[in-house]
Amino acid sequence: MDMKIVLLGPPGCGKGTQAERLTANLKFTKISTGDLLREAVRLNTPLGQQAKQFMDAGKLVPDELVIGLIKEKLADIKGPVLLDGFPRSLEQARRLDELTKIDLAIDIGVNEEKLVKRIVLRRSCKNCGAVYHLEFSPPKVEGKCDKCGNELYQRSDDTEATVRERLKTYNDKTLPLANYYKQKGILRTVDGEGDISEVYDRIVKVLKAK
Ligand code: AP5
Ligand code: MG
Ligand code: ZN
């Protein structure tokens, strides 16, 4: 069966990092709305122009825009899918259920102060989206992506002030989703603290138990 999995959890909990490993090792196709929106901003498309102000303010981009994006992507993919950063509101979760059947929602939990530290020292690849951390997961060559050799940069929403806003938005809009999936019996929570491989192993265990 082609599983469809949602990765839940606050900004900085490791959704992108773990999605990267899961797609490399387990044949999942990843859809990251954050990555897709950043790409739209970079290319200055109409979607990017509309999304930018919300992203820089640490707010959610309006549901209609993001749902349109997901609809298009889901239609293109065959095989197991991993959703990173979608859904993020109850409206998005309900609309997703109309589009496809979700098998598991994995909620990655990390303490709030640790999240801030993870995010302000994050570096991301401009080209392939790979994620690094100056202290916990540095690239082999300073400023360069291990995977594709391109330049690393700091996301414009990775300042402490914006991270605090993103955490507020998360608590307000996204946290209720845990309960939504719990009621459906498909929520699994994973401890997101400890090193990246430990968290990865916990996620794989949850997948194998399904
Ligand atoms: P998005 O890009 O999804 O950002 P986010 O949810 O805030 O999550 P992050 O990407 O910041 O964190 P992550 O969980 O992926 O952590 P990572 O693996 O990088 O969204 C950005 C914006 O786009 C939103 O604010 C919103 O405006 C908009 N948007 C996106 N989706 C939307 C939607 N569905 N609806 C509406 N708007 C939407 O890890 C973080 C750092 O920690 C890295 O440096 C990493 O190396 C390090 N790290 C990871 N794991 C560990 C570990 N175990 N130990 C130590 N360090 C670790
Ligand atoms: Mg991410
Ligand atoms: Zn790269």
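Predicted model: local features only at pLDDT ≥ 70, side-chain atom pairs only at ≥ 80, totals over all residues.
Entry on the shell. I looked up how many residues surround ligand 1 and counted in 35 of them, the closest being Thr-17, Lys-59, Arg-88, Arg-122 and Arg-166. Sorted by class, the shell around ligand 1 holds 14 nonpolar residues, eleven polar ones and ten charged ones.

Entry on polar contacts. I then went through individual atom pairs, starting with Arg-88, where a polar side-chain atom lies 2.5 Å from an oxygen atom of ligand 1. I next asked myself how much of the accessible area of ligand 1 the protein covers. The figure is 97% of the 1000 Å² that ligand 1 has on its own. The elements that give two or more residues to the shell are helix H1 (15-26), H2, strand S6 (131-133) and helix H9 (196-209).

Entry on H2 and its neighbour. Since H2 had come up already, I looked up how it packs against another helix. Two packed helices are described by the angle between their axes and the distance between the axes. For helix H2 (residues 33-42) and helix H3 (residues 46-56), I noted an angle of about 115° and axes 8 Å apart. The crossing in which H2 passes H3 is left-handed. On the H2 side the residues in contact are Gly-34, Leu-37, Arg-38, Ala-40 and Val-41, and they meet Leu-47, Gly-48, Ala-51, Lys-52 and Met-55 of H3. By class, this contact of H2 with H3 is made up of six nonpolar, two polar and two charged residues.

Entry on the backbone. Finally I looked at two places in loops. Phe-86 and Pro-87 are joined by a cis peptide bond, with omega at about -5°, and Pro-87 sits in the loop between strand S3 (81-84) and helix H5 (90-99). In the loop between H1 and strand S2 (29-32) I found Lys-27, which has a positive phi of about 65° although it is not a glycine.

Conventions. Residues numbered from 1 in each chain as written. Chains lettered and ligands numbered in written order. Heavy atoms only, no water. Axes fitted to C-alpha atoms, helices over the stretch in contact; angles between N-to-C directions. Helix = DSSP H or I, 4+ residues; strand = E, 2+ residues; numbered from the N terminus. Left-handed = near helix turned anticlockwise from the far one by under 90°. Contact = heavy atoms within 4.5 Å. Nonpolar A, V, L, I, M, F, W, Y, C, P; charged D, E, K, R; others polar. Near = heavy atom within 4 Å. Polar contact = N/O pair within 3.5 Å; in protein donor to acceptor, adjacent residues only side chain to side chain. Areas by Shrake-Rupley, 256 points an atom, 1.4 Å probe, with all protein chains shown as cover.
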